[in-house]
Amino acid sequence: CDLRKKRSAMADQPMTDAGEEEKDLDLSTPDVVTKYTLAGEIANRTLARIVTMCVPGTKIVEICSAGDAYIREQVAAVYKSSKFEKGIAFPTCVSVNNCCGHYSPLDEESTVLAAGDVAKIDLGAHIDGFIALVAHTHVVGGGDITGRQGDAIAAANAAAEAVLRTLKPGNKNSDVTKRIEQAISAFKCEPVDGVVSHQLKRFTIDGQKCIMSKAHPEKKVAECTFEENEVYAVDIVVSTGEGKAREADTRTTVFKRAVDNTYALKLKAARQLFHDVKEKHPHMPFSLRDFDSQRAKMGVVECVKHDLLQAYPVLYERPENQVVQIKFTVLLLPAGPLRITSHALQPHKSEHEILDEELKALLATDISRKKRRKKASGKKEGEMDTS
């Protein structure tokens with residue numbers, strides 16, 4: 001989600017050795033589809049592994065560290081002979097209850113999960129800069145998920161399914177925003193303000209085409225029309241309250257390099273951190289956990305102050321409210337949308353239901369791609385189905 005303080009003014013488009021822009025590598029190239037789907041499979045496996053760790057008494061930092069380590073292990077096992085970049089596209093975050101996102105604590109922090117916690121797991125992987133993001137909500141301890149927890153999960157799921165059926169070539173981003181608001185309001189919930197779904201491009205996690213979760217007179221994005229062979233990360237964040245996210249006193253640990261900005265840093269710790277960021281995470285968001293924590297905490301302030309790093313602050317709804325998140329990556333292939341990241345939701349119930357006939361008809365639309373998948377993705381028989 002786009003809940004950061006700063007944004008780069010331009011998209012992060014790296015160049016090849018020949019100086020040729022990589023933005024022309026889209027889904028019309030079979031190898032690009034393969035890399036996206038492989039990154040999606042890795043993200044899905046990592047998420048499934050992390051969900052099993054979400055039990056009462058487990059430290060959140062241990063879960064986040066394990067998620068990042070598993071992504072690195074999995075990407076290291078593919079394209080072994082290739083020298084291109086691959087790894088974490090978004091560090092593992094586990095944000096609980098009224099926390100809206102981006103909680104990825106440092107090693108010295110000791111927060112643990114408790115039974116009944118609403119844990120939002122957010123992570124991403126990339127292969128050669130082709131990004132797959134995923135987020136999932138898991139209620140720790142399971143059991144009967146009803147009441148406002150059930151409402152929020154049902155709302156997020158309905159919104160995600162509505163987006164998947166609306167996000168297609170020829171439609172506009174405002175069409176998707178309308179469906180998100182319709183679906184969530186049916187369950188007496190609210191989209192969280194400031195959450196934006198972005199187009200993905202090679203090495204670019206926040207492309208210029210984007211989708212607001214909630215129409216806002218003071219927070220507008222440029223209207224755009226979706227086109228074939230584009231890729232989007234759809235981020236649905238739902239609150240049982242007003243949907244107003246605000247900062248508290250939780251330390252921000254997730255950042256991203258602003259590749260277009262330069263500044264002569266004064267502090268030695270800041271220079272060292274920024275050098276290490278360019279080496280380890282030149283394009284993708286990262287956690288300060290990847291660096292010497294004391295030096296990083298000293299150096300990050302100057303880097304952010306001079307717009308060399310963009311912060312992903314930890315934001316909260318009011319304590320009495322619950323926040324649920326579903327994020328998935330979708331490829332707009334010629335044969336139809338292909339959702340490459342997801343995880344099955346726990347059984348849940350809501351006392352509310354969708355009454356709008358137009359929205360009900362949309363959600364009843366069959367978007368199965370079984371007969372067309374081989375043609376669209378270039379996959380061979382027997383390969384993993386990630387739709």
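Predicted model: local features only at pLDDT ≥ 70, side-chain atom pairs only at ≥ 80, totals over all residues.

Modeller: Let's start where two helices touch: Ile42, Arg45, Thr46, Arg49, Ile50 and Met53 in H1 meet Glu62, Ile63, Ala66, Gly67, Tyr70, Ile71, Gln74 and Val75 in H2. Sorted by class, this contact has eight nonpolar, three polar and three charged residues.

Biologist: At what angle do the axes of H1 and H2 cross?

Modeller: The axes of H1 (residues 30-53) and H2 (residues 60-76) cross at roughly 150°, and they come within 10 Å. Angles over 145 degrees count as roughly antiparallel, so H1 is roughly antiparallel to H2. The crossing of H1 past H2 is right-handed.

Biologist: Now the open sheet of three strands: what is its order?

Modeller: The order is S11-S10-S12, with antiparallel pairing.

Biologist: Why are S11 and S12 called edge strands?

Modeller: Strand S11 (286-287) and strand S12 (309-312) each pair on one side only.

Biologist: And how do you know that S10 and S12 count as paired?

Modeller: Pairing takes at least two bridges. S10 (residues 254-257) and S12 have four, in the antiparallel sense, so they count as paired. Lys256 stands opposite Gln310 in S12.

Biologist: What does the whole chain come to in helices and strands?

Modeller: Eight helices and 15 strands. Of its 387 residues, 56% count as buried.

How values were computed: Residues numbered from 1 in each chain as written. Heavy atoms only, no water. Axes fitted to C-alpha atoms, helices over the stretch in contact; angles between N-to-C directions. Parallel < 35°, antiparallel > 145°, perpendicular 65-115°, else oblique. Left-handed = near helix turned anticlockwise from the far one by under 90°. Contact = heavy atoms within 4.5 Å. Nonpolar A, V, L, I, M, F, W, Y, C, P; charged D, E, K, R; others polar. Buried < 20%, exposed > 50% of the residue type's maximum accessible area, 1.4 Å probe, protein only.
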